[in-house]
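Please study the sequence and the three-dimensional structure shown here. The exercises after the display each set a task and then work through a solution.

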Amino acid sequence: MVVGGRVVVGRAQELVLAFRPRRGGGGAAAAHESLRVLRLVQPMRGTLEWRIEFCPIFDHGRAVPSLSQRAPGVVTARLGSESVTLEYPPHFRLARVENGVSLYGSLGVGETAVIALHHGRPSGRAPHVPWSLGSRLLDDCDRFWRAWLQQCTYRGRYAPQVRRSALLLKLLQYQPSGAFVAAPTTSLPEAEGGSRNGDDRYTWLRDMAVLVDTLHQLGFSQEVNQFMEWLDTSCAGDPSSFQMLYRVDGSRRVEEHELTHLDGYRGSRPVRVGNAA
């Protein structure tokens, strides 16, 4: 998915495009398996001052990582064997803040910037995504989603809304297994301040029956086949042993516990991980 827009401050104007690159897309992108999010910035008029906040917290806020500037334009947060790395314009200034860093800099007409977020095990070599690669990844992402939508067989008066909804359903799919989550969120309450705020990042068999049937009626057969293969594997055995919900990798571990150190959305407690349904 590509999200774009223009940033306007006074007489300055910049084009900003943010997207998640497709795994294995863009040719040389295969060398950047750690890449998660890209933001391409191109000034169109005047000069804009930028500030980027990078304050990653690990383990649901229970662990604060160590921060290090691995190279000009690269800062890494590391905890044990895991790391999150932000790549930013090398001329930006870095200042330490609570739980992270702030990055300050400006961009003017004729300049471009790539802001990239990487996730994975730390390595000796700092990541680098040049503008040329970022542009190829953007084109690849755009082509993929346009081609995917061409499979849609609905031709009624609500075609734009139906296609947008189909995109959302596709984005709920965990590609390695083919399973879908009910929602990519946890602890968002039905009513502000209420306690009905479960963890929805699981595959509910009941909900998936409706979701998969919808995609089937719209012509997206590959996603349906992927899910049915997941279902055959995850729910093998006697029907009496079926669970209401599963993890996207097919495992049955969905134990629920509360994160009492978090306030929740606008004070809506408890914050939950796992689901006791």
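**Conventions**

The model is predicted, and for this reason local features need pLDDT of at least 70 and side-chain atom pairs count only at pLDDT 80 or more, while totals for chains, interfaces and linings use all residues. Residues are numbered from 1 along each chain as its sequence is written, and side-chain values use heavy atoms, with hydrogens and water left out.

**Exercise 1. Describe the protein as a whole.**

Step 1. Begin with the secondary structure: the protein contains four helices and 16 strands. Helices (H or I, at least four residues) and strands (E, at least two) are DSSP runs, numbered from the N terminus.

Step 2. Turn to the dimensions. Along the principal axes, the C-alpha atoms fill a box of roughly 60 × 50 × 40 Å.

Step 3. Consider burial and surface. Of the 277 residues, 40% count as buried; buried means under 20% relative accessible area, exposed over 50%, and partly exposed in between, with a 1.4 Å probe and protein chains only. The accessible surface comes to about 15700 Å², and 52% of this surface belongs to carbon and sulfur atoms. These areas come from the Shrake-Rupley method with a 1.4 Å probe, and for residues only the protein chains shown count as cover.

Step 4. Examine the contacts, where contact means heavy atoms within 4.5 Å. Among contacts with a separation of 6 or more, 59% are made by residues 24 or more positions apart.

**Exercise 2. How is Asn275 placed, and which backbone atom does its side chain reach?**

Step 1. Asn275 is found in the segment after strand S16 (272–273).

Step 2. Asn275 is buried because its relative accessible area is 10%.

Step 3. The side chain of Asn275 reaches the backbone oxygen of Asp199 at 2.9 Å.

Step 4. Beyond four places in sequence, Asn275 touches several residues, including Gly198, Tyr202, Leu245 and Val254.

**Exercise 3. Identify and classify aromatic pairs.**

Step 1. Apply the criterion: rings of Phe, Tyr and Trp (its six-membered ring) pair if their centres lie within 6.5 Å, and planes under 30 degrees apart count as stacked, over 60 as edge-to-face and the rest as tilted. A search of the whole structure finds six aromatic pairs.

Step 2. Take Trp148 and Phe220. Their ring centres are 4.1 Å apart and their planes lie at 15°, so the pair is stacked. Trp148 lies in helix H1 (residues 131–149) and Phe220 in the loop between helix H3 (205–218) and helix H4 (221–234), so the pair ties together parts 72 residues apart in sequence. Trp148 counts as buried at 5% relative accessibility, and Phe220 counts as buried at 0%.

Step 3. Take Phe180 and Phe227. With centres 6.1 Å apart and planes at 55°, this pair is tilted. Phe180 lies in strand S12 and Phe227 in helix H4, so parts 47 residues apart in sequence are tied together.

Step 4. Note the grouping: Phe144, Trp145, Trp148 and Phe220 form one aromatic cluster.

**Exercise 4. Describe Val41 and Leu35 in strand S3.**

Step 1. Val41 is found in strand S3 (residues 35–45), and Leu35 is also found in strand S3.

Step 2. Val41 is buried, with a relative accessible area of 0%; Leu35 counts as buried at 5%.

Step 3. Excluding neighbours within four places in sequence, Val41 touches residues including Leu15, Trp50 and Trp131, and Leu35 is in contact with Pro21, Ala116, Leu117, His118, Val129 and Leu137.

Step 4. Leu35 and His128 are 93 residues apart in sequence and 9.9 Å apart in space, C-alpha to C-alpha.

Note on methods:
Polar contact = N/O pair within 3.5 Å; in protein donor to acceptor, adjacent residues only side chain to side chain.
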